[in-house]
Amino acid sequence: MKEIYALLEGNRLSRTPCRIEILKALRQADSALSEPEIREKIGEHFDRTTVYRSLRSFLKLDVIHSIALDGGELRYALSPEKELADSSHHVHFFCNDCSGVFCISHQAFETPVLPDGFEATNFDLLVHGRCKNCKG
Ligand SMILES: [Zn+2]
Ligand SMILES: [Zn+2]
């Protein structure tokens with residue numbers, strides 16, 4: 001809970017119950033969550049608009065980030081702490097079996113080499129395969 005309050009305060013966001021519950025749900029999940037999954041985890045107390053607005057303000061401040069899947073479905077995950085990593089430089093893993101989406105540290109991956117004249121601003125890579133929960 002302390003970390004959640006610190007995250008809100010660090011981003012000058014007030015401690016609304018909806019924001020707190022969303023951050024709790026994302027912290028507890030070991031994979032990225034869709035909006036319906038988030039709503040399911042935080043219960044019935046919050047209407048869709050409130051959840052949507054909270055997600056928008058978190059995205060704007062880079063408290064969370066979204067991962068777009070084929071077909072446009074979005075999953076949300078907490079952003080890595082700013083001191084630890086450039087949040088635009090980690091990659092995502094999509095499990096073909098359970099459809100889980102996981103944030104993976106960028107250290108394991110090299111930024112692609114670009115031709116002269118091209119400059120990368122962010123690095124968006126989705127690795128497909130089978131996750132640790134589905135393997136074996
Ligand atoms: Zn899986
Ligand atoms: Zn991520």
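This is a predicted model: local features need pLDDT of at least 70, side-chain atom pairs count only at pLDDT 80 or more; totals for chains, interfaces and linings use all residues.

Let me begin with a definition: four donors count as tetrahedral if all angles lie between 85 and 135 degrees. Donors themselves are N, O and S atoms within 2.8 Å of the metal (3.2 Å for Na, K and Ca), and because water is not among the atoms, sites may look incomplete.

Residues are numbered from 1 along each chain as its sequence is written, chains are lettered from A and ligands numbered from 1 in the order in which they are written, and side-chain values use heavy atoms, with hydrogens and water left out.

Which residues hold the zinc ion (ligand 1)? Cys95, Cys98, Cys131 and Cys134 coordinate it, each through SG, at 2.3 to 2.4 Å. The arrangement is tetrahedral because the 4 donor atoms subtend angles of 103 to 114°. For reference, the ideal angle for four tetrahedral donors is 109.5 degrees. Along the sequence, the donor residues follow the spacing C-x2-C-x32-C-x2-C.

To describe accessibility, buried means under 20% relative accessible area, exposed over 50%, and partly exposed in between, with a 1.4 Å probe and protein chains only.

I turn to the zinc ion (ligand 2). Its protein donors are NE2 of His65, His90 and His92, together with SG of Cys103, lying 1.9 to 2.2 Å from the ion. This site is tetrahedral as well, with angles of 99 to 118° among its 4 donor atoms. The spacing of the donor residues in sequence is H-x24-H-x1-H-x10-C. Distant parts of the chain are linked here: His65 belongs to strand β2 (residues 64-68) and Cys103 to strand β5 (residues 101-104), 38 residues apart. His65 is buried, at 10% relative accessible area, and Cys103 is partly exposed, at 36%.

Next, the sheet. Two strands pair if DSSP finds at least two bridges between them. Here 3 strands form an open sheet of mixed pairing, in the order β5-β4-β6. Both β5 and β6 (126-129) stand at the edges with a single partner strand each, so one side of each has no neighbour in the sheet.

Strand β4 (residues 91-95) runs antiparallel to β5, joined by 4 bridges, and Val91 stands opposite Ile104 in β5. The hairpin of β4 and β5 has 5 residues between the strands, and within this hairpin Ser99 takes a positive phi near 65°. With β6, β4 pairs in the parallel sense over 4 bridges, and Cys95 stands opposite Gly129 in β6.

Where else does a residue other than glycine have a positive phi? Arg12 does, near 55°, in the loop between α1 (2-10) and α2 (17-28); Arg12 is exposed, at 82% relative accessibility. Asp62 also has a positive phi, of about 65°, in the loop between α4 (48-60) and β2, and Asp62 is partly exposed, at 26%.

Thank you for your attention.

Technical notes. Four donors count as tetrahedral if all angles lie between 85 and 135 degrees; four count as square planar and six as octahedral if opposite donors are over 155 degrees apart and all others between 65 and 115; anything else is irregular. Helices (H or I, at least four residues) and strands (E, at least two) are DSSP runs, numbered from the N terminus.
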